[in-house]
Every structure is written in structure tokens, then in C-alpha cells.
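Please look over the sequence and the model below. The paragraphs that follow go through its sheets and then its salt bridges.

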Amino acid sequence: MQEKYDFSKIEDKWMSRWEEDNIYKTSRDPEHKKKYILVMFPYPSGPAHIGHVANYNLGDVLARYYARNGWNVLHPMGWDGFGLPAENAAIRSGVHPARYTWDNIALLKRDLRRLGYSYDWDRELATCSPDYYKWTQWLFLKFYENGLAYKAEAKANWCPSCRTVLANEQVINGYCERCDTLVEKKLLDQWFLKITDYAERLLEDMEKLKGWPERVLVMQRNWIGKSNGCKVFFKVKETGETIGIFTTRPDTLWGVTFFLLAPEHPLVDRLTKGTKLEKEVFDFRERLKGKTEIELTALDVEKEGVFLNAYAINPVNGEEVPIWTANFVLMEYGTGAVMAVPAHDQRDFEFAKKYSLPLRVVIKPYEGELDPETMDAAYEGEGIMINSGLFDGLDSLEGKESRVPQYLEENGWGHREVNYRLRDWLISRQRYWGVPIPIVYCDKCGIVTVPEKDLPVLLPEDVDFFPEGPSPLERSEQFRLTACPSCGGRAERETDTMDTFVDSSWYFIRFADPRNEKEAFNKGEIDYWLPVDQYIGGIEHAILHLLYSRFFTKVLYDLKLVDFDEPFTNLLCQGMVVMGGAKMSKSKGNIITPGEFLDSYGADTLRLFILFLGPPEADKEWSESGIEGCYRFLHRVWRLVYRYLNILTLKANPVTEEDVLLKEMVHWTHRTVKQVTLDIERFSFNTAIARIMEFVNVLGKFMEEAPSLFNTYEGRKAVESMILILAPFAPFICEELWSEIGGDYSVHQQPWPTWDENMAKAETITMVIQVNGKVRDRVEVEADIKPQEMEELALGSSRIKQIIQDRQIKKVIVVPGKLVNIVI
């Protein structure tokens with residue numbers, strides 16, 4: 001064994017050997033239990049950055065750990081290949097999106113290979129490859145055949161910079177999530193997927209997701225936005241037509257004093273066309289054009305409106321109330337019409353005060369009185385119904401939940417209804433670099449699906465990219481003009497492509513059978529590998545990719561294509577690597593690539609350093625200051641094994657079983673194996689590394705004080721255990737050291753070391769965990785636990801996480817050996 005640690009030589013040697021032997025290849029084996037570990041696949045925008053390393057480290061440690069614990073592990077990698085950046089690059093530089101993407105895939109794959117990740121590269125896939133998107137198109141046809149895909153004219157979020165439609169989820173505070181341009185509304189024919197048909201199941205089945213972070217489930221619940229209430233029908237006096245509104249407070253119907261319409265509501269035009277109000281309404285709409293949904297619905301937005309010189313008739317009391325159009329009523333929510341109850345809704349209250357509209361109190365607080373003349377805010381709580389006809393004196397909760405809905409239904413004035421904030425998924429994109437929608441338009445036959453035998457509908461390569469105007473597919477006659485599959489007559493292809501989230505809503509299934517040319521996936525492969533046991537990805541995907549993947553899986557389950565209805569059993573949401581407080585991304589120009597660190601320190605050092613930065617769930621501010629420490633640690637590991645091998649050549653001094661140091665070394669070995677094992681299983685990789693570092697220091701001291709200890713069976717087991725538990729974190733150096741001490745190839749295929757509980761046991765104490773001074777949990781810990789470890793254990797407690805959730809932690813007070821108090 002050479003004395004100096006030469007990471008470059010070692011990494012080249014073992015990377016070649018692993019690939020030559022294909023040691024990470026995975027196949028279905030019914031005789032072994034399976035474990036599917038998956039980290040969200042990357043969009044190939046260029047070389048890897050440190051954020052990629054942070055994410056993929058997590059999956060690799062788990063995959064290596066479970067494989068060595070007897071599991072048949074599936075750990076694949078692929079590329080989310082379609083996307084707008086490639087098309088923007090084509091406009092800027094003339095590089096074709098396909099070349100841009102495949103070149104970037106090569107760069108990213110090069111870096112991931114250098115990092116030694118244990119991927120089964122035989123399963124590699126790219127969503128932009130025809131052998132993948134053929135099946136994305138096939139799935140679209142299945143949705144269409146089953147009434148889950150449809151085309152409709154609708155106002156869409158339009159990014160004038162990207163020149164494409166955005167889903168609601170891709171609009172952040174009114175701006176395009178990609179380029180931060182103010183989003184506009186544009187009326188277009190769009191393709192939608194009927195995710196609303198699955199709203200209730202998406203909510204109910206969250207009960208099955210015991211292994212998901214609660215904050216992700218909360219975000220999805222809020223996005224779906226279920227509301228129980230009533231649909232109530234008002235009659236328009238001037239036209240005689242009936243217009244429905246949705247309300248969660250039917251108990252306040254007697255308090256309606258005016259009626260509101262969204263500015264875009266069709267009734268607004270019918271009531272004002274040809275009147276003096278027509279121009280006033282036009283000017284009002286023009287003033288709102290630049291306003292975002294967020295701005296219009298903000299609680300502090302100034303309420304504005306126009307009286308439409310018309311009246312709505314309240315069905316419960318026959319009163320005629322004025323109809324206005326208002327800036328804070330949106331066509332996208334409910335029916336675009338709202339009954340206004342200013343005494344019991346704050347937005348209505350502010351509008352009424354501005355335009356001197358009347359207030360009528362119909363819910364009296366359980367204690368005290370309300371005077372409309374002196375009220376300075378709406379009363380939105382429960383109470384006793386008053387001024388409500390035959391319901392006077394009734395508890396408003398009973399009125400809301402049963403008596404008033406029943407009354408409406410008995411009289412034909414309305415009915416109970418469940419409303420959802422969730423809208424159908426708009427998947428049309430007016431751009432080139434995406435999956436072509438397999439639809440043809442024929443003057444004779446109408447909308448015609450492309451036959452399965454003709455899939456995939458290929459993207460043409462000879463198209464032009466201009467910064468403005470129609471999309472390249474719309475300009476390409478070679479692509480657009482075709483024959484109708486039904487009658488053979490002249491027809492045109494759909495020139496929109498699919499939202500890239502469609503591609504990623506089923507990729508995890510294709511990984512189980514990625515080379516299948518006859519079907520999207522083989523049932524036997526899917527039944528064995530799916531669902532994903534451990535999924536890892538960012539919290540920013542909670543209401544995008546994760547919700548869509550759940551929707552897709554449920555549709556496939558209903559179509560009897562799969563036997564599971566939730567895609568991911570367990571979910572770990574890793575924090576971001578940030579720089580100056582901003583997420584690392586190429587679009588923000590703040591990426592740090594791993595190349596220079598791989599060249600200077602090696603893959604093992606970089607992997608260790610990033611894993612050591614902190615818990616996976618926490619955001620990590622990038623700093624290079626600690627990488628030298630990890631590099632020196634690996635040098636200590638190398639020297640330790642080098643000295644161990646030299647000791648074996650010396651004449652051994654007898655060591656008795658009762659030797660105090662020997663017993664202490666055995667204790668440290670078993671204790672460290674146990675602690676590292678438990679840390680890995682709870683994703684506490686930073687503390688696992690800290691324990692290994694401590695173990696290496698302890699072994700170094702033993703080597704100084706009593707080198708003969710290492711000429712024993714126990715001494716060898718200590719060195720072996722150190723290498724075996726370090727291997728998932730630093731795979732290259734451990735493979736080399738394992739080979740040097742004579743271990744069987746490969747270290748990554750050796751059983752995970754076990755421990756004897758009696759030998760690992762140390763004196764324990766009960767550590768108390770408090771939140772704001774109240775005892776919330778107790779944990780048994782070793783008596784010599786360090787304050788930092790106490791804090792990490794407290795913050796990692798599942799019970800404490802549930803209590804804290806997203807609330808801010810002001811400080812953590814540690815009383816060594818006794819308690820941790822978390823102040824929130």
C-alpha cells in the first residue's frame with residue numbers, strides 16, 4: 001500500500017472497474033425484498049452544480065446502505081429533457097434544442113459518474129427521446145379516450161417573455177417562475193387534463209401518506225382548497241336570467257345588500273352593451289389588465305367597482321339588491337359572481353363603506369351586540385341568527401350546516417355543493433421543445449386521435465426559431481399539414497406541445513422497464529418494483545410535480561394499468577443549497593460547479609463535505625471553508641489503514657481478553673456501528689459522519705497507545721467496520737482500503753456490519769425536550785452525549801417536528817446532560 005492518498009488515481013481505477021463489472025446493475029428478483037430509491041431527476045441545463053451533488057448524495061447513501069442490508073435496490077437516473085430553456089437558447093444562439101439538451105446531458109452525466117453514484121446506467125432514460133415520449137403520447141390518448149383530456153377556450157396565464165402559456169402553479173406572485181416576467185391573461189383554445197375529477201381522492205388518500213412531511217400535505221390540501229357550502233340562485237331583474245353563486249355561509253343570506261360580478265363575467269357585457277356604462281366598464285377593465293391575481297385578491301387591495309344599473313333578487317326574502325362589478329371578484333373562482341354580505345365579510349365591508357352601501361347584521365355574537373352604524377370591521381364569527389325570518393334565534397352553525405341548506409333545497413332556490421380551488425390542469429404550451437400532442441384536426445371528421453401504430457408523432461428537426469410570432473411547429477408546414485387518419489383527407493396536426501410536467505408525472509414508472517419497445521411498461525416489472533419506497537426532492541415541487549404524479553398514478557390505477565394508487569410511499573424533502581440566500585440555478589447565474597473541487601480534493605471529499613453541512617431538510621448556505629477539514633479527515637483514514645497494515649508485519653504482543661483497552665475498542669466499534677446505522681435510517685447523515693470521524697480519532701489514539709490491539713481479531717474488526725460504515729459516504733477510498741486489507745471485492749457488496757447491544761451499550765440518561773418550556777418528548781441518550789448532538793436529536797424528533805411545523809425557531813437552549821428547550 002502506498003503511503004500517500006492519491007484520490008485521482010484511486011477514483012479513475014475504481015470508476016473503470018465498477019463500470020466494467022456493472023456492479024450496480026439491477027434486475028427483478030422475486031426471492032429478495034425490493035427497495036426503490038429515487039431522487040427527482042434533473043433538467044439538463046448544463047454541467048452539474050453543487051445543488052445536484054447535495055441531492056444525489058442522499059439517494060446514493062441510502063441505496064448503498066439498503067443494498068448491503070439484503071435489499072434488491074433500484075436506484076436509477078435519467079433526464080427531464082424537454083423544457084423552455086433549450087428553446088430560448090436556440091433563439092439566442094441558433095443551437096438546436098435537441099443538440100443543446102443532449103450536449104448538456106453528456107456534461108451532467110460526466111459529473112455524476114465522477115461522483116461515483118451507484119446508478120444502474122442501463123436504465124437511463126430521457127423524456128425528450130422518442131422511445132420515451134412515444135409512451136407519453138400513448139398515455140395522453142388513454143386520458144382522452146376516457147374523458148380525462150379535453151380542449152376548451154379559456155383565459156390562460158401568458159408569459160410574454162417566454163411566449164407560452166403557464167399553469168397556475170407556474171405563476172409565482174403573478175410572475176413567471178422561470179423568467180420573473182409579469183404574467184398576462186390571454187384567451188386561447190387549450191388542452192386540459194381533468195384533475196378536478198380526482199380532487200376528492202387526492203385529498204382523502206393523503207391519509208395513506210404516513211411517510212410524507214406534513215407541510216407538503218398541508219400545501220396540497222390548501223392548493224386543492226375544498227370548501228363545503230351551497231350554490232344559491234339569484235334572478236336578474238332586468239333580464240330574467242338566473243345566476244348562481246357559491247357560498248360557505250348560507251346562514252348569512254339575509255344579510256345580502258348588494259351583488260358582485262367579476263369584470264370579465266359575460267353578464268357584465270349583457271347589462272352594459274349600448275348603454276352609457278359601456279365605456280366606464282371598458283375603462284375599468286383596462287385599469288385592471290396589469291394587475292395579477294395575487295394583487296387583486298390581497299386583503300389590503302383598495303376595493304373598486306362600477307354600479308351596473310341592474311338588480312338581483314335574493315331568493316330567501318325577495319329583496320332587490322344592486323349589481324356591481326368589482327376588482328376583487330375573480331372569474332376563475334366559483335362562478336365569478338358573489339353575494340355581498342358586508343356586515344359579515346371584511347372585503348364586502350370595505351367595498352360597502354367606500355360606496356356607501358348598506359350593512360345589515362344577521363349574525364349576533366354569543367355575547368354583545370353589533371350596530372351597523374358603529375361597526376369598524378365585519379363580524380365573521382359564529383353566533384345567533386337575527387333579521388333572518390323564520391331562522392331568528394337559531395345558532396348560526398346549525399343554520400349554516402343543515403337548516404338553511406335544507407330550506408334552500410326544499411324551495412328550489414339552491415343546493416348543497418362542494419367547491420374546490422383546484423382547476424383542471426392546462427397542459428398546452430405554444431412552443432417547440434416538448435411532447436407533440438397526438439391530435440389531428442380534420443374539416444370533415446373534427447378532432448381525430450393519432451392511431452397508436454403511428455406513434456410517436458416526431459418533432460421535426462428542420463424548424464426555425466424566432467423571438468416573436470407563432471411557435472416553430474405552427475410555422476412548419478411539413479409538420480402541420482397531414483392526412484386525416486380517419487378519412488384520409490386534408491388535415492392539420494395540433495401544434496401545441498405538452499407541459500413538461502406531463503413527462504415527469506410517470507417517469508418513475510418507466511424506470512422499472514425502460515427498454516420496453518412494445519408497451520409503456522410490463523406489468524410484472526411494475527408489480528415488483530413500484531411504488532417508489534423512498535422519494536427525494538425539493539419542497540418547491542409540492543403542488544407541481546408531486547400532485548400531478550399522484551393524479552397520474554390514480555388514473556393509471558383506474559385504467560387497471562397499475563395495482564397501486566399512490567406513487568411514493570415515503571418522501572424526503574431536502575433543503576436547497578443557497579448562495580447569498582438564493583437557490584443555486586443556472587437561470588439565476590449563481591451556480592457553483594463541482595469540477596474544480598473534484599480536481600483539487602476528489603469525489604469522496606466533496607461528497608463528505610456537502611453531507612456534513614447539515615441535516616438534509618435544512619437549507620445550506622454554500623461555503624468552501626470546511627472542505628479542507630473533510631480532505632484532511634480522509635487523509636487520516638488513509639494513514640490509519642496504512643499504519644494498521646504495518647502493525648500486522650510486527651511481532652504481536654499478547655493481549656488478554658480482559659484488557660481494558662481492548663474492551664474499550666470493542667465497545668467503540670459496536671457503538672459506532674449502531675449509531676451510524678440509526679443515523680442513516682433517520683437521514684441524519686451529518687451526525688453519522690461526525691460519529692465516524694470520532695471513531696477514526698479514537699482508533700488513532702488506540703494505535704498510538706497500544707498498537708498490538710490491532711494484531712487481534714477485534715482490532716481487525718474495528719478497522720473493517722470503520723471502512724464498511726464509511727463506504728456509503730466515501731465509496732472510492734473505501735473500495736481501495738478494503739482491497740488493501742484483503743477484503744473480498746467489492747466493499748459495496750459486503751453485508752452491513754452488525755452490533756451486539758450489550759457491547760454497544762453505554763450508561764444512558766433521559767433527555768427532556770421542551771417547546772417553549774413545556775415538556776413535549778423524552779429520549780434515552782448516552783450519558784456522554786455532546787450538546788450539539790442533543791440539539792440535533794431534539795430537532796430531529798418526529799413529535800417535535802409535528803409541533804413546530806413551519807413556525808420560526810427563535811433559539812435552542814441546551815442544558816448539557818439534561819434537557820433541550822426549543823423556543824418558537
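Strand 26 (residues 532-538) and strand 27 run parallel and are joined by 6 bridges. Strands and helices here are DSSP runs, strands being E of at least two residues and helices H or I of at least four, numbered from the N terminus. Tyr-535 has Leu-571 of strand 27 as its bridge partner. This is a predicted model in which local features need pLDDT of at least 70 and side-chain atom pairs pLDDT 80 or more, while totals for chains, interfaces and linings use all residues. Residues are numbered from 1 along each chain as its sequence is written, and side-chain values use heavy atoms, with hydrogens and water left out.

The two strands belong to an open sheet of 4 strands with parallel pairing, in the order 2-1-26-27; two strands count as paired if DSSP finds at least two bridges between them. Strand 2 (72-74) and strand 27 (568-574) are the edge strands, each pairing on one side only. Helix 18 (residues 545-558) lies across strand 26 and strand 27 and runs at about 170° to strand 27. Such angles run from 0 to 180 degrees between N-to-C directions of axes fitted to C-alpha atoms, for helices over the stretch in contact, where contact means heavy atoms within 4.5 Å.

A further open sheet of 4 strands has mixed pairing and the order 32-31-34-33. Strand 32 (774-782) and strand 33 (811-815) each have a single partner strand, so one side of each lacks a neighbour in the sheet. Strand 31 (residues 764-771) runs antiparallel to strand 32, with 8 bridges between them. Gln-770 is the bridge partner of Val-775 in strand 32.

Which side chains meet in salt bridges? A salt bridge is a side-chain nitrogen of Lys or Arg within 4 Å of a carboxyl oxygen of Asp or Glu, and the count comes to 53. Lys-25 and Asp-122 form one, at 3.1 Å from N to O. Lys-25 lies in the loop between helix 1 (7-21) and strand 1 (34-39), and Asp-122 in the loop between helix 4 (97-114) and strand 4 (125-126), so the pair ties together parts 97 residues apart in sequence.

Asp-679 and Arg-691 also meet in a salt bridge, at 2.5 Å from N to O. Asp-679 is in helix 22 (residues 660-681) and Arg-691 in helix 23 (residues 685-705), 12 residues apart. Asp-679 is buried at 0% relative accessibility, and Arg-691 is buried at 10%; buried means under 20% relative accessible area, exposed over 50%, and partly exposed in between (1.4 Å probe, protein chains only).
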